[in-house]
Amino acid sequence: MLGEISETTFKWLDERLSLSAVASAAGKKKVPLHKQSFWYYMGGIAMLLLAVQFLTGILLMVYYIPELSSANSSVLFINSQIDFGWFVRSMHSWGANILIFVLFAHMFSAYFMKAYRKPRELTWISGLGLLMLCFGFGFTGYLLPWDEVAFFATKIGIDIAEQVPLIGGILANLLKGGSEVGQGTLSRFFLLHVIVLPLGLFAIAGIHLLLVQLHGMSEPKSFQAQAPEKKKYEMFFPDFFMKDLMVWLLAFNVLATIVILFPWGVGPEADPFAAAPAGIKPEWYFLGMFQFLKLLPAHIGFIEGEKVGLLIFALIGGIFAAAPFIDKGENPKLSMFFDIYGLMILIGLIAFTIWGYLA
């Protein structure tokens with residue numbers, strides 16, 4: 001009897017959702033096996049952490065109040081008075097940082113494995129778009145507790161945004177919502193964090209996942225050069241999928257362990273009229289760029305130093321993003337150039353981030 005009901009239910013859903021076609025496609029998808037295959041798990045870990053961010057964010061919104069007089073106290077209330085509130089809040093904060101770290105690893109692994117080449121150019125661009133959106137989540141979410149460090153770090157971030165050529169002034173005014181960082185800023189950051197950025201994330205993530213399914217897992221050049229009989233694959237479903245689940249479980253347990261051992265605290269409430277505390281720094285994923293900008297003089301020629309720094313970042317990032325359209329695998333010297341270029345960016349990010357942390 002139960003078998004007949006489940007069969008009828010599946011048939012009803014299959015007629016409307018084409019479940020058989022989805023299962024058939026999953027059954028045909030293969031994953032190449034080689035020395036770099038472990039990098040394929042990065043995308044799945046990122047998806048898991050995004051789900052954690054989404055769920056914990058909804059729970060935090062139940063008690064969070066985006067008002068100057070209540071923002072900090074509401075976060076403190078979550079941390080100290082709500083059952084497991086400290087755990088949910090720490091999962092959200094630690095998860096955001098680990099998510100960006102995993103996205104960096106995913107991006108550079110795809111870059112050095114040349115996974116951006118034809119026909120995956122749009123997969124690469126959409127992936128970079130997701131990383132930029134996560135930077136936006138980090139920047140807007142940092143201010144919401146309205147504590148001392150977040151307030152002054154946000155002021156620095158908006159001041160840097162104001163230096164963007166042509167649109168800097170407009171961008172800074174849109175972010176601040178007034179002449180100074182205040183209620184308008186908090187309201188706008190909250191709106192961006194819980195509505196605007198999530199809508200963009202769902203749209204681009206959907207496109208990214210669709211492109212990954214269409215084109216499958218990329219194969220490194222060393223794997224492609226092997227004789228057909230030496231190439232090894234495994235089925236995505238159920239073999240790789242079950243491994244993916246195990247990696248997700250491991251990643252979630254690592255996150256939960258970090259949260260339990262190092263719960264995320266709440267700083268003192270921001271006082272806009274107080275002097276900025278010594279040593280204010282942005283989050284670690286902005287720290288390398290921040291440290292580089294600090295080294296520039298006030299003016300380089302007739303241009304402000306920060307404007308020159310932002311133009312340098314735009315040029316470096318533009319070339320990095322354009323890699324699929326330049327490095328098509330036809331010119332070995334060009335391919336080597338992009339390998340060295342990516343390595344220099346990676347080393348620079350690590351070096352300036354450590355320098356900024358220790359400074």
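Let's start at Leu166, which sits in the loop between α7 and α8. In this predicted model, Leu166 is exposed, with a relative accessible area of 87%. Its backbone is worth a look too: Leu166 has a positive phi of about 75°, although it is not a glycine.

Now hop over to Lys114, in the loop between α5 and α6. Here phi is near 60°, again a positive value in a residue other than glycine. Is Lys114 buried or exposed? Its relative accessibility is 13%, and buried means under 20%, so Lys114 counts as buried.

Stay in that loop between α5 and α6 and you'll find Pro119. A cis peptide bond joins Lys118 and Pro119, with omega at about 5°. Pro238 is found in helix α11.

Ile260 is exposed, with a relative accessible area of 52%. It belongs to a nonpolar surface patch along with Phe84, Trp86, Leu261 and Phe262, and together they have about 570 Å² of accessible area.

Finally, take a look at the second largest pocket, with a volume of about 1,700 Å³. It is lined by 50 residues, and the closest to its centre are Met132, Phe135, Phe286, Met289 and Phe313. Which helix gives the most to this lining? That's α6, with 10 residues. Among the other elements that give two or more residues are α5, α9 and α15. Sorted by class, the lining has 38 nonpolar, 10 polar and two charged residues.

Key:
Residues are numbered from 1 along each chain as its sequence is written. This is a predicted model: local features need pLDDT of at least 70, side-chain atom pairs count only at pLDDT 80 or more; totals for chains, interfaces and linings use all residues. Side-chain values use heavy atoms; hydrogens and water are left out. Patches are made of residues with over 30% relative accessible area and no salt bridge: like charges are joined within 9 Å, nonpolar side chains (Val, Leu, Ile, Met, Phe, Trp, Tyr) within 5 Å. Accessible areas come from the Shrake-Rupley method with a 1.4 Å probe; for residues, only the protein chains shown count as cover. A salt bridge is a side-chain nitrogen of Lys or Arg within 4 Å of a carboxyl oxygen of Asp or Glu. Buried means under 20% relative accessible area, exposed over 50%, partly exposed in between (1.4 Å probe, protein chains only). On a 1 Å grid over the protein atoms alone, a cavity is a set of points where a 1.4 Å probe fits but cannot get out, and a pocket is an open set with protein on both sides within 12 Å along at least five of seven lines; lining residues have an atom within 4 Å of a point. Grid points are joined across faces, edges and corners, and a volume is the space filled by probe spheres set on the points. Helices (H or I, at least four residues) and strands (E, at least two) are DSSP runs, numbered from the N terminus. Ala, Val, Leu, Ile, Met, Phe, Trp, Tyr, Cys and Pro count as nonpolar, Asp, Glu, Lys and Arg as charged, and the others, Gly among them, as polar.
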